[in-house]
Amino acid sequence: AFYNNAEIHVDKADNIRLQYVTLGYRLSKNDWSKLPFTSIELYISARDLGIIWKVTDSNLDPEYSDSAIPVGKSTAIGIRASF
């Protein structure tokens, strides 16, 4: 039991991941005079896109290692307008 819990069985969990990413573009009436709104913003957001780099070669995700179900990616597209 002591050997099963030894440090030799522990992987490093250093990683770089894309957790939350949002891209947006805003237009205002000052920029485009034919715009029927005071301002309008278009955006796309994404969550849990994945790991860019990790120190180990294992397939385990260090943040969700206990979960049997993989974490799903999600995206949202939106429009925000001011009148």
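Is Glu41 buried or exposed? Glu41 is buried, because its relative accessible area is 17% and buried means under 20% (exposed is over 50%, partly exposed in between; 1.4 Å probe, protein chains only).

This is a predicted model, where local features need pLDDT of at least 70 and side-chain atom pairs count only at pLDDT 80 or more, while totals for chains, interfaces and linings use all residues. Residues are numbered from 1 along each chain as its sequence is written, and side-chain values use heavy atoms, leaving out hydrogens and water.

Glu41 sits in strand E2. Strands are DSSP runs of E with at least two residues, numbered from the N terminus. Leaving aside residues up to four places away in sequence, Glu41 touches Tyr25, Arg26, Gly78, Ile79 and Arg80. Contact here means heavy atoms within 4.5 Å.

Now the surface. Ile16, Leu18, Leu49, Ile52, Trp53 and Val55 make a nonpolar patch of about 520 Å². Patch residues have over 30% relative accessible area and no salt bridge, and nonpolar side chains (Val, Leu, Ile, Met, Phe, Trp, Tyr) are joined within 5 Å. A salt bridge is a side-chain nitrogen of Lys or Arg within 4 Å of a carboxyl oxygen of Asp or Glu. E2 gives the largest share of the patch, three residues. Leu18 belongs to strand E1.

Val71 lies in the loop between E2 and strand E3 (74–82). Its contacts, not counting residues up to four places away, are Asp48 and Tyr64. The C-alpha atoms of Val71 and Leu49 are 9.6 Å apart.

| Residue | Relative accessible area | Class |
|---|---|---|
| Glu41 | 17% | buried |
| Leu18 | 35% | partly exposed |
| Val71 | 35% | partly exposed |

How values were computed: Patches are made of residues with over 30% relative accessible area and no salt bridge: like charges are joined within 9 Å, nonpolar side chains (Val, Leu, Ile, Met, Phe, Trp, Tyr) within 5 Å. Accessible areas come from the Shrake-Rupley method with a 1.4 Å probe; for residues, only the protein chains shown count as cover. Helices (H or I, at least four residues) and strands (E, at least two) are DSSP runs, numbered from the N terminus.
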